[in-house]
Amino acid sequence: MPSNADRSPAAVTSLLRAWRGGDVRAGDRLMEILYRELHDLAHARLARESPGATLQTTALIHESWLRLVDQRAVQWRDRGHFLALAATMMRRVLVDRARARKAGKRGAGERAITLTDSTAAGSDDAADVLDVDRALGRLAAAYPRQARVVELRFFGGLELTEIGAVLGVTERTVKRDWAFARAWLARELDASRDG
């Protein structure tokens, strides 16, 4: 079990840099130290999934970790930067899974489930994840920081103060960005349902 000293921002930053430099043991140690936080991120995100979702918290953590391992070129700044990238990887895993589920359903001849169907919320969230991902891409093109706030909050489960630290802005700015982005995305998602 990692000690509090092992979890200190300086210790985590040092391990991130060592890992980037090729020290495999530093990567293993990071996984030990940050596993609980990654678990909490994954659990928070999966709690929003429909009851029939097949991806488990541990699987999401491990798939995200494997994608993080490939990020050797990243100039790790600190724990928050790492968790922000972990949130991005979790988003990609969830979007890839949703695309595969949706493609499988189309391939099996089942009807596509839309967000306006009364059964959508309880039976399949693939459409939700994909619609949010597409809308988030449009938001990022026009408002990159606000899109990053949504990604960190929706896919990463980070608190507003943590998001502020990652983005280098005040919590007040994050609150404004979050409110703006939620309203913008709601409008976009409503328009895509109606269109």
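This is a predicted model: local features need pLDDT of at least 70, side-chain atom pairs count only at pLDDT 80 or more; totals for chains, interfaces and linings use all residues.
Good morning. A residue counts as buried when its relative accessible area is under 20%. Phe82 has 0% relative accessibility, and therefore counts as buried.

Let me begin with the chain as a whole. Its secondary structure consists of nine helices and zero strands, so that the pattern along the sequence reads α-α-α-α-α-α-α-α-α. The chain has 195 residues, and 42% of them count as buried. It exposes about 10,300 Å², of which carbon and sulfur atoms supply 52%. If we take the contacts between residues at least 6 apart in sequence, 63% of them join residues at least 24 apart.

I turn now to the aromatic residues. A pair of aromatic rings is described by two quantities, the distance of the centres and the angle of the planes. How many aromatic pairs does the count come to? The count is two.

One of these pairs is formed by Trp19 and Phe82, in an edge-to-face arrangement, with 6.5 Å centre to centre and 65° between the planes. Is Trp19 buried or exposed? Its relative accessibility is 4%, so Trp19 counts as buried, and Phe82, at 0%, counts as buried too.

Tyr143 and Phe180 also form an edge-to-face pair, with 4.8 Å centre to centre and 70° between the planes. Tyr143 lies in the loop between α6 (126–142) and α7 (144–155), while Phe180 lies in helix α9 (residues 171–194), so the pair ties together parts that are 37 residues apart in sequence. Tyr143 has 34% relative accessibility and therefore counts as partly exposed. Phe180, at 33%, likewise counts as partly exposed.

A further aromatic residue deserves mention. Arg153 lies over the face of Trp178, at 5.5 Å from the ring centre.

Finally, I would draw your attention to the packing of two helices. Helix α8, residues 160–167, packs with α9 at an angle of about 105°, and their axes are 8 Å apart. Angles of 65 to 115 degrees count as roughly perpendicular, and α8 and α9 are therefore roughly perpendicular to each other. Which residues make the contact? On the α8 side they are Leu160, Thr161, Ile163 and Gly164; on the α9 side they are Glu171, Val174 and Lys175.

Thank you for your attention.

Notes
Residues are numbered from 1 along each chain as its sequence is written. Side-chain values use heavy atoms; hydrogens and water are left out. Helices (H or I, at least four residues) and strands (E, at least two) are DSSP runs, numbered from the N terminus. Buried means under 20% relative accessible area, exposed over 50%, partly exposed in between (1.4 Å probe, protein chains only). Contact means heavy atoms within 4.5 Å. Accessible areas come from the Shrake-Rupley method with a 1.4 Å probe; for residues, only the protein chains shown count as cover. Rings of Phe, Tyr and Trp (its six-membered ring) pair if their centres lie within 6.5 Å; planes under 30 degrees apart count as stacked, over 60 as edge-to-face and the rest as tilted. A charge sits over a ring if NZ of Lys or CZ of Arg is within 6 Å of the ring centre and within 35 degrees of the ring normal. Axes are lines fitted to C-alpha atoms, for helices over the stretch in contact, and angles run from 0 to 180 degrees between N-to-C directions. Angles under 35 degrees count as roughly parallel, over 145 as roughly antiparallel, 65 to 115 as roughly perpendicular and the rest as oblique.
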